Amino acid sequence: MLRTKSVILAVAAVGILGGGALVAVGMTRDSGGEGGGVLSSGVVGGPSKPAASPTPTGPSPEELRKIERAKQVRSLNAALKKYSATVPEFSVAVLDRKTGETYAFRGSEAYETASVVKVQVLACLLLDAQGDERELTASEKERAGRMIRASDNAATTSLFTQLGGAKAIGKCNKKLGLKSTKVVTAWGLTKTTVNDQVKLLNQLVNAKGPLDEGSRAYAKELMSSVNSDQNWGVPAAAAKGENFTVKNGWLQRSTEKNRWIINTVGRVSGGAKTDVSIAVLSHNHVEMPGGIAVVEKVAKMTRQYLKY
C-alpha cells in the first residue's frame with residue numbers, strides 16, 4: 001500500500017517537474033485517443049500575433065499642393081475684394097511658369113490698353129519678320145526701341161501702320177492666342193483683359209510658342225531696359241536680385257472726366273522658384289501717382305498670398 005502511494009507521488013512529481021518531457025512525448029505520439037495528437041501552435045509557441053493593419057495613406061504631394069493653392073487663392077480673393085472696395089476698378093492676373101497655374105481677379109473684364117498695346121505691336125512686328133524669313137531692319141529696330149523703352153507714340157503709329165493697322169494686328173491676335181483683345185485704329189483704345197495679357201507675356205518666353213529664340217530674346221532686351229521714369233508697376237513685385245521686364249500704359253481719358261487709365265504688364269523671374277507673368281489693368285484714377293500706387297500694391301499682394 002505504501003509502495004503504491006510512493007509510485008503515484010513520484011509519477012505526479014515527474015508530471016509537474018518534467019512537464020516539458022511529457023509535452024515532448026505527447027508531440028511524438030499519435031495515439032488516436034482522447035488528448036492525443038500534435039499540440040497546436042498556440043500551445044507550443046504562445047498566442048499568435050494578429051495580422052498587421054495596412055499603413056494609412058495620406059494626401060499625395062500633388063494633392064497637398066492643390067489644397068495649399070486653394071487656400072492661397074481664397075485668401076488673395078478676399079484681400080483683393082476688400083482692397084477693391086476702397087480704390088478705382090482694377091483687374092489682375094498672374095501666370096506662373098514654374099507651376100503652370102494661372103490666377104485671375106476679374107480676369108475677363110475689358111479695359112482700354114493705353115500703351116501696353118505696344119507689347120502686342122512688337123510681337124506682331126517680330127512675327128511679320130519671321131514670316132518673311134528676315135531680320136528686323138535698322139529702322140524697325142530703332143522705332144521698336146523707342147516704342148518700348150520710351151513709350152514713343154509716333155514710333156508706335158509708324159509700326160502699327162506698316163504692319164497693316166488694326167485689321168492686321170487683329171489677325172496677329174490669333175497667332176498669339178489672344179481671344180479677348182479687340183484692336184482699333186486709335187491703338188491706345190484697344191480693349192483687352194488681364195487674362196489675354198498674361199498669355200501674351202507668356203508667348204514672349206515660351207519656346208513652344210510662335211516666336212523664335214531670337215525674337216524672344218529681343219523682346220526681353222527691350223522690356224528689361226525701359227527708361228528709368230517708366231520703371232514702375234510690375235517691378236514693385238520683384239525681390240532684390242530678381243530680373244524683371246515691364247511695359248506700362250497711362251492715359252488721361254476724356255470720356256472718364258479726365259481720370260487716368262493706369263496699366264502695367266511684365267515678368268518677374270529669379271532662382272529656382274520664381275518665373276511669373278503679371279498684368280494689372282485699371283482706370284478711373286483721379287491722379288496718375290495714385291493709380292501707380294494702386295497697381296503696384298495689387299502686384300505685390302499677388303506675391304504675398306500666392307508665395308511665388
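Modeller: Cys124 and Cys172 are both buried. The model discussed here is predicted.

Colleague: What makes Cys124 and Cys172 a disulfide?

Modeller: The sulfur atoms of Cys124 and Cys172 are 2.2 Å apart, and the rule asks for a pair within 2.5 Å. The pair therefore meets the criterion, and the count by this rule is 1 disulfide.

Colleague: Which parts of the chain does the pair tie together?

Modeller: Cys124 belongs to helix 5 (residues 117-131) and Cys172 to helix 8 (residues 165-176), so the link ties together parts that are 48 residues apart in sequence.

Colleague: Why is this disulfide called left-handed?

Modeller: The torsion about the S-S bond of Cys124 and Cys172 is about -110°, and the disulfide is therefore left-handed.

Colleague: How many aromatic pairs does the structure hold, and why is the pair of Tyr83 and Phe90 called tilted?

Modeller: There are 3 aromatic pairs. In the pair of Tyr83 and Phe90 the rings lie 6.0 Å centre to centre with 40° between the planes. Centres must lie within 6.5 Å, so the two rings pair. Planes under 30 degrees apart would be stacked and over 60 edge-to-face, so an angle of 40° leaves the class tilted.

Colleague: Which residues form one aromatic cluster, and are Tyr83 and Phe90 buried or exposed?

Modeller: The cluster consists of Tyr83, Phe90 and Phe105. Tyr83 and Phe90 are both buried.

Colleague: How do you know that a charge sits over the ring of Phe90?

Modeller: The charged end of Arg106 is 5.8 Å from the centre of the Phe90 ring, and the distance limit is 6 Å. Sitting over a ring also requires a position within 35 degrees of the ring normal, and Arg106 is assigned as sitting over Phe90. Likewise, the charged end of Lys297 sits over the ring of Tyr83, at 5.4 Å from its centre.

Colleague: Why are helix 5 and helix 7 called oblique?

Modeller: Their axes come within 10 Å, helix 7 being residues 153-163, and cross at roughly 45°. An angle under 35 degrees would be roughly parallel, and 65 to 115 roughly perpendicular, so helix 5 is oblique to helix 7. The crossing of these two helices is left-handed.

Colleague: What makes helix 6 and helix 7 oblique to each other?

Modeller: The axes of helix 6 (residues 138-149) and helix 7 come within 8 Å and cross at roughly 130°. The perpendicular class ends at 115 and the antiparallel class begins over 145, and the two helices are therefore oblique. Helix 6 also passes helix 7 in a left-handed crossing.

Technical notes. Residues numbered from 1 in each chain as written. Predicted model: local features only at pLDDT ≥ 70, side-chain atom pairs only at ≥ 80, totals over all residues. Heavy atoms only, no water. Buried < 20%, exposed > 50% of the residue type's maximum accessible area, 1.4 Å probe, protein only. Helix = DSSP H or I, 4+ residues; strand = E, 2+ residues; numbered from the N terminus. Axes fitted to C-alpha atoms, helices over the stretch in contact; angles between N-to-C directions. Left-handed = near helix turned anticlockwise from the far one by under 90°.
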